[in-house]
Amino acid sequence: MIRKYLLAMLAILVATVACDREADRLAAQTPEPEPETVVKAADDSGMYMRLPYSTESEEAGRLYLAGWAATEMGHNQEANEFFERAVAADPEFAMGHLMVALTANSTEEFSSNLATAAEHGAGATEGERTLIEAFQKGFANDQQGQLAAGEALVKMHPDSPRAWQLLAGFQSNQNDTTSSRASLEKALSLDPNLASTHMQLGNDYLFLEPKDFEKAAAHFQKAVELEPDEPNTHDLLGDAHRALGDMQAAYDDYTRAAELVPHLGSPLQQRGHVNSFLGNYEEARADYTRSAELEDLRGSNNGPFFLVFRSYVSLHEGKPQAAIAELKQLAAESDGWDMEGKLDFKVNAYNNIAQIATHQGDADAAAAAIAEAAKMMRQRADQVGTAEYRSAQEANISYLEGMLAARTGDPEGAKAKAAEFEQHVASNTNPRKHERMHEILGMAAFYQADYAAAVEHLAQGDVVNNALTKYHLAVANDKAGNGAEAEKLFAELAVLNFNSAGYAMTRSDILARTASG
């Protein structure tokens, strides 16, 4: 048995999706990468601290390391291809299956490979089994168990910066910013020139409270210096410039990333956000459209999700019905697509329709979208087949239904859905599990003009990540007579500059409210 040590990835679990295209078409568009073109030279001097992996196949190990190197720089599609080839070379390779899961093209691919990784864990090291367990716990909504596994991992491998990265990701999932940043600083103390740590810590300062956009920019700039030819370092620096309100610098950063990888759609999608905020609506649509075309050409299924952002352009223009119509058309067209993760895309599209229609008070459109999303979420739960995942999907459905009841002036119906939501997350160990329950109750109070109660509940919602919740909290504070707090919240929202349906629908009002300041 060969025991080796790998470059470990960031801990944030993001389900990416990719189109399932004919192998020969994909090969014609994007030549199959070889590991030697991706893996960076690693020595045993301590600059590359490693975590264990176990395989009897030299070829599987070679492909696996290539996958890790690609993952660490955010090249998930290429990484997934390497990991798929690694487990083909060694079907019992537990960590190979885990990494297929973590770079998965669909929820189904994630859940099936995570299960396979666990099945083959007996032949792995304790550290490998602990890492697999961490993601099993997370998928089962046991975030405390996941955190405990992460803490066990750093005890086993205290000199691994990437073990500390993983722990930081688990901590940030619970909004434990202090611990997350301490873990990342520990990782930097072990290797100050590890670009992935600077990238992760920059994101921490960019999105988690307390935010510090200057520190985020500094970490991303360091990542650019360490990895100047990597498009994602320039992309992240563009995010920091966006947060700092320097749209021209962000535009230039995304353009540079696009120049480095002209076959990749993501940098143009990012530039589309900048054009949306600048009011260059046709340029934004052109960027989103081209980004989707490029993703399709390279065999990725990211493109349809980029087209969801294109629908937001209509929201920035103040045309919500046009956005709903575009999303409905995309959902209908997807029935004819040969696309892995199609169900995930349709859930995304109908969730967006539901949020937009609910905010606009279009009860019929919202109810129809929620019904479609619910049907597909339950179908996805059937595919995954675990009680924990089914509960999470039912909680999502209760949330959508509760928000619609709140918006349409049915406070009792909203309270009933909030109670349903609470039941569905009862076994969840994440301390944040009740945030969306409070959002339902807060919105029910908001639309009954009980602004004091709205403030009480919305303040306990996801005001870190949900711009629409934060916007309503700001308005509720204003109407409740809490002028200073309202002003603070609106000021924070005015410089958010990150795209979502909720932010696109409210940004013009936010800017109008802060214009005099």
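Which side chains meet in a salt bridge with an N to O distance of 3.0 Å? They are the side chains of Arg298 and Glu295.

The model is predicted: local features need pLDDT of at least 70, side-chain atom pairs count only at pLDDT 80 or more, and totals for chains, interfaces and linings use all residues. Residues are numbered from 1 along each chain as its sequence is written, and side-chain values use heavy atoms, leaving out hydrogens and water.

**View 1. Salt bridge of Arg298 and Glu295.** A salt bridge here is a side-chain nitrogen of Lys or Arg within 4 Å of a carboxyl oxygen of Asp or Glu. Arg298 is buried at 6% relative accessible area, and Glu295 is buried at 0% (buried: under 20%; exposed: over 50%; partly exposed: in between; 1.4 Å probe, protein chains only). Shared partners join Glu78, Glu295 and Arg298 into one network of salt bridges.

**View 2. Salt bridge of Arg162 and Glu72.** The closest N and O atoms are 2.8 Å apart. Arg162 lies in helix H8 and Glu72 in helix H2 (residues 58-72), 90 residues apart. Helices are DSSP runs of H or I with at least four residues, numbered from the N terminus. Both Arg162 and Glu72 are buried.

**View 3. Salt bridge of Lys211 and Glu209.** The N to O distance is 4.0 Å. Lys211 is partly exposed at 26% relative accessibility, and Glu209 is partly exposed at 33%.

**View 4. Helix H18, residues 342-360.** Of the 19 residues of H18, 14 are buried, so the helix is largely enclosed by the rest of the structure. Gly361 follows H18 and has a positive phi, near 75°.

Definitions and conventions
Helices (H or I, at least four residues) and strands (E, at least two) are DSSP runs, numbered from the N terminus. The expected span of a helix is 1.5 Å times one less than its number of residues.
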